[in-house]
Structures are given as C-alpha cells and as structure tokens.
Amino acid sequence: MKTFISISLLTIVMLISWISTDTLNHSKNRVQDDEQTGLRDQIVIRFSHVVAENTPKGLAAQKFAQLVESESNGKVKVEVYPNSILYSDGEEVDALVNGDIQMIAPTFSKMTEYAPKWKVLDLPFLFENDEHVERVFNGKIGKDLLQKLDHKNMLGLTFWSNGFKQMTSNERPLLNPEDFQGLHFRVMPGTVIQRQFALLNAKTTAQPFNNVYRSLELHELDGQENTISNIYSKGLYKVQSHLTLSNHAYLGYAVIINKQFWGKLTPTQQNQINSALSETTKWIQEEAKKMNEQQFEEIQQNSSLQLHTLNKEQQKAWKDRFAPLYQELKAEIGSTQIQSILNE
C-alpha cells in the first residue's frame, strides 16, 4: 500500500510539472505572437464631433481615420464618434482638455474663449471666396492662429473647411437688414456672432446643433445660419420657408488634439498623424465645395423652400450694418490681424 501511494504521488508531481512546463511554453508563444503583440501595442485615438457622418467634417474624420490606419500599419487607430454620441457642443472641449477623448474639431466660435484672437474668424464678410479662405488657413496667418491654441492641454493641428454660411427663416425672406427685426435665431456660442445678430435687431439663442431641427419645427426659433451641407444633412430645409444665399460668413473647424496625449506619442507616430491630416485637409477643401454645390441642387429639386440671393445693393447694406463690429473687434484685439486676413 505504501509503495502504491508513493508511486501515485510521484506520478501526480510529474504530471503537474509537465502541465506547468507546457503552460509556460504556450505563454511564451503567446508573448511572441505578432498579432497579439500588435493588439496590445495599438494606440487608440477617440475623435468626437457633433455633426452627421455625411457632412464635410464627418467625412473628413472618417477619411483621416482610414489614412492613419494605413500610415501606421494598424498601430494607431482612430475611433470616430459623430452626432454628439459622446459629447455635445458645450462639452467636447472640456472632455478633450481632461483627456476623456483625444481629438475634436470644433467650430471657430467655440475656441474664442480660449484664444480671443480667434474671434476674427467669425467676422461677417471677412472672406471673399474659397480661394481666399485656403490662402489664410494654409499660410502664415493660419499657423499663427493654431499656435494660439497651444495651452490648456490643447494643441491645434490644422483647419478643416465646411463652407460659407447662409441664412434661413420661417417667417419671411431675409434680404435687407430690416428683415431680421424681432426674429429669433439659433446661433453658435460666440460674442462676435451674437453681436452680429444684435446689429440686425434680432434675438438669439446659443443652442447645441442637434437640437436645432426640433426647435425650428416647433417654431421656438424663427431661423438660423449655416452651410448648405449642414442645412441639408440635418434636414433643416424641411422646417424652414426661406433660404438666402448670403455667403456672409465662413464655417470651418480647428482640428485639436490633447497635448499630453500628443507628447506621449513617438516622433514616428506624430509624423504619421500629421501626414494623414495633411492629406485629409487638402481633400476636404475640395470635397466641401462639391458637397455644398450638389446638396444645394438637391434642395432646389426636392423641397418647397423659397430661395433668394443678395444683390450688390443688399450685400452692401449688410456690410454697412456690420461695420461697427469690425471697429469693436479692432479695439479689442488690434487691427493687424484683421487687416492681414483682408489683404491676403
């Protein structure tokens, strides 16, 4: 009996030793598995934005994600969260600064709180055309503006285009400054934009973009300003009666990354992201123009929206009404930057 017990114990010890060795070998093999190593080492960038996927910004974010994956051979992954899935207009900057997400692309007006000189980009009739916009964004002025975001755990990387803003209304055509009298408009947050409507004797409410359709539908608001692509993608033309092709201001975005996160990336990873951004920026400058043109045609063909275009006299009347805004901003931030953009 003692002999049997001794043999049994020896067998169990040997079996345990064999299992442990086999497990260790498997563990070593897993560590050396290239696929598993790649998954563990993958960098994830959470990119949050507030517009639809089929808008210039939405499409640019998707293209950027694809290019980053290609540039990095899958080592860096961009997860895109559109339509305020993660954070609303008013939340995304704080979320970025706190490191809850790594990238955002807010409108210019949202950045004026952090970089007051960005207010210049909200001035009405600042840009003549798309080519003028591109010269400013791609040149020294654009670089200087991006550097002003280099604080509060933010790093400005580039500008993305959307297009010129137009006016819509459910009450009457908006052709002369007097037509705005007493109407209530949704605006993006920003003192320059709010002051613009104040000069038109209109009321304003700063409201998250995803709430605009409902507010217009319920007639809580009379109108709003936006690009054709945003008016189309959110169906705002379905709950408005008039659209004025005013081209009175430009809507673009600052692509910003969490500065602490950026600092932890290797130079190679930073170069891969910058390369993907550069290609995406060039692509969206052309794509935004095409989208606005195509979607304007669709609105013309598939809606009862009445379309209006400012003539030269009406445009001059708008510019004259906004002249005090230029003087106010020159007193606040100086005239050099404003004049540099106008002369670009």
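Predicted model: local features only at pLDDT ≥ 70, side-chain atom pairs only at ≥ 80, totals over all residues.

Biologist: What makes a space a cavity?

Modeller: On a 1 Å grid over the protein atoms alone, a cavity is a set of points where a 1.4 Å probe fits but cannot get out, and lining residues have an atom within 4 Å of a point. The volume is the space filled by probe spheres set on the points, which are joined across faces, edges and corners. The structure holds three cavities of 30 Å³ or more. Of the 13 residues that line the largest cavity, Val50, Val51, Thr107, Met188 and Phe209 are the closest to its centre.

Biologist: Which classes of residue are in the lining of the largest cavity?

Modeller: Six are nonpolar, three polar and four charged. Here Ala, Val, Leu, Ile, Met, Phe, Trp, Tyr, Cys and Pro count as nonpolar, Asp, Glu, Lys and Arg as charged, and the others, Gly among them, as polar. The second largest cavity has about 40 Å³ of space, and its lining includes Asp130, Ser161 and Tyr250.

Biologist: Why is the pair of Phe108 and Trp118 called edge-to-face?

Modeller: Rings of Phe, Tyr and Trp (its six-membered ring) pair if their centres lie within 6.5 Å; planes under 30 degrees apart count as stacked, over 60 as edge-to-face and the rest as tilted. The centres of Phe108 and Trp118 are 5.8 Å apart and their planes are at 65°, so the pair is edge-to-face. Phe108 also forms an edge-to-face pair with Phe137, at 5.7 Å centre to centre and 80° between the planes. That pair links distant parts of the chain, with Phe108 in helix H5 and Phe137 in helix H6, 29 residues apart.

Biologist: How do you know whether Phe108 is buried or exposed?

Modeller: Buried means under 20% relative accessible area, exposed over 50%, and partly exposed in between (1.4 Å probe, protein chains only). Phe108 has 1% relative accessibility, so it counts as buried. Phe137, at 7%, counts as buried too.

Biologist: And what makes Lys143 count as exposed?

Modeller: Its relative accessibility is 56%, so Lys143 counts as exposed. Lys143 sits in helix H7 (residues 140-147). Helices (H or I, at least four residues) and strands (E, at least two) are DSSP runs, numbered from the N terminus.

Biologist: What makes strands S5 and S6 a pair?

Modeller: Two strands pair if DSSP finds at least two bridges between them. S5 (residues 184-187) and S6 (residues 203-206) have four bridges, in the parallel sense. The chain crosses from S5 through helix H8 (residues 191-199) to S6, and this β-α-β crossover is right-handed. That label applies if, with the strands pointing away from the viewer, the path from the first strand over the helix to the second runs clockwise.

Biologist: Which way do S4 and S7 run?

Modeller: They run antiparallel, joined by four bridges, and Gln166 stands opposite Asn226 in S7. S5 and S7 pair in the parallel sense over two bridges.

Definitions and conventions: Residues numbered from 1 in each chain as written. Heavy atoms only, no water. 1 Å grid on protein atoms, 1.4 Å probe; cavity = no way out; pocket = protein on both sides within 12 Å on 5 of 7 lines; lining within 4 Å.
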